[in-house]
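Here is a short briefing to read alongside the model on your screen. Take a look at the structure first, and then we can walk through its helix packing and its ligand site together.

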Amino acid sequence: MGLKIYLNGKWVPEQQAKVSVFDHGLLYGDGVFEGIRSYDGLVFQLERHIDRLFESAHTLMLKVPLTKRAMIDAVVKTLKVNRLKDAYIRLVVTRGVGDLGLDPRKCGAATVFIIADTIVLYPEKVYRQGMEIVTVPTPRNLPEALNPQIKSLNYLNNILAKIEATNAGVEEALMLSAHGYVAECTGDNIFIIRRGRLVTPPPWAGILKGITRGVVLELATQAGIPVAEEMLTRHDLYNAEECFLTGTAAEIAPIVKIDGRPIGRAKPGPVTRGLMADFRKLTKRAGIRYRPA
Ligand code: PXG
């Protein structure tokens, strides 16, 4: 049957969901996006994702041709028409169709599309046993050059890091800032538990301010765990009691080995497991509810 895709105000069959080769999202990576999830008919943190999308677009002086309210409605309707209860949603806004020069003033209206599909999850083993990561040579983008807080269509920095992790035989990469501080993974934020505190790099380390990251900081505070945003070195990670990454797709995934060093007891620790349970509860409780049509 195929998916119905939202494309510039209409829902079309996926075979007809096509954009121009002159679209600057394709020619230059000139655009922004969000990855969002729904759980059993509840869209998780939708307003925060829409707010972040509009902030990314604002910095790029990219005018989103819908209000936030209309964007929320379009996401919800895309889930409904596809009869999806548990879904991964990709929302993309590009600069639109222009000429072969990079000047955004020559582009017409922005292109907007929303894809809702079933979600591909990490294997259950990752959550039970934890995963191994390595530090990769490519540093995260310099915030002075291209701020990682902009969730732009230009993901080559992260893709290079992913290739380096794959070449090293692991699933995920630890990316450092140009100054050698811990930044984040290729599509996830990173946390450690050290001396009983939950610590994660601050936005000024040059990272995306993940929505899951924000939720985890709130859940930890509610659970009475002291939290802090601090610059971290690899030494801090190697000597942590626990470590995990967070992201919309991964949720909370334990990390048990970094650059060959076991972290803590090299298995998912109690604080991580507690937060994973709290997070799963929240996904069942909080969100914008819809009824698959
Ligand atoms: N850092 C980066 C660089 C990201 O792209 C996150 C952290 C986590 O943010 P959220 O808001 O999801 O908690 C992201 C977002 C993928 C994939 O296929 C993942 C993201 C984006 C695009 C693709 O794994 N994660």
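A crossing is called left-handed if the near helix is turned anticlockwise from the far one by less than a right angle, and right-handed if clockwise. This is a predicted model, where local features need pLDDT of at least 70 and side-chain atom pairs count only at pLDDT 80 or more, while totals for chains, interfaces and linings use all residues. Residues are numbered from 1 along each chain as its sequence is written, and side-chain values use heavy atoms, with hydrogens and water left out.

**Helix α6 with helix α8**

- Helices here are DSSP runs (H or I, at least four residues) and strands are E runs of at least two, numbered from the N terminus.
- The crossing of α6 and α8 is right-handed.
- Helix α6 (residues 211–222) and helix α8 (residues 270–285) have axes that come within 10 Å and cross at roughly 110°; axes are lines fitted to C-alpha atoms, for helices over the stretch in contact, and angles run from 0 to 180 degrees between N-to-C directions.
- α6 and α8 are therefore roughly perpendicular to each other, given that angles under 35 degrees count as roughly parallel, over 145 as roughly antiparallel, 65 to 115 as roughly perpendicular and the rest as oblique.
- On the α6 side, Thr-212, Val-215, Val-216, Leu-219 and Ala-220 make the contact, and on the α8 side Leu-275, Asp-278, Phe-279 and Leu-282 do (contact means heavy atoms within 4.5 Å).
- The residues of this α6 and α8 contact comprise seven nonpolar, one polar and one charged; Ala, Val, Leu, Ile, Met, Phe, Trp, Tyr, Cys and Pro count as nonpolar, Asp, Glu, Lys and Arg as charged, and the others, Gly among them, as polar.

**Helix α2 and its partners**

- The axes of α2 (residues 46–59) and α3 (residues 68–81) come within 10 Å and cross at roughly 125°, which makes α2 oblique to α3.
- α2 passes α3 in a right-handed crossing.
- From α2, Leu-46, Glu-47, Ile-50, Asp-51, Leu-53 and Phe-54 meet Lys-68, Met-71, Ile-72, Val-75 and Val-76 of α3, a set with eight nonpolar, no polar and three charged residues.
- α2 packs with α6 at an angle of about 130°, the axes being 10 Å apart, and that makes α2 oblique to α6.
- Arg-48, His-49 and Arg-52 of α2 make this contact with Ile-211, Gly-214, Val-215 and Glu-218 of α6, dividing into two nonpolar, two polar and three charged.

**Ligand site**

- Which residues are closest to the ligand? Among the 19 that surround it, the closest are Tyr-155, Glu-184, Ile-211, Thr-212 and Thr-248 (a residue counts if one of its heavy atoms lies within 4 Å).
- A side-chain N or O atom of Arg-52 is 2.9 Å from an oxygen atom of the ligand, and a side-chain N or O atom of Lys-151 is 3.2 Å from a ligand oxygen atom.
- A nitrogen atom of the ligand lies 3.0 Å from a backbone N or O atom of Gly-187.

**Tyr-122**

- Tyr-122 sits in the loop between β6 (111–117) and α4 (124–129).

Methods
Polar contact = N/O pair within 3.5 Å; in protein donor to acceptor, adjacent residues only side chain to side chain.
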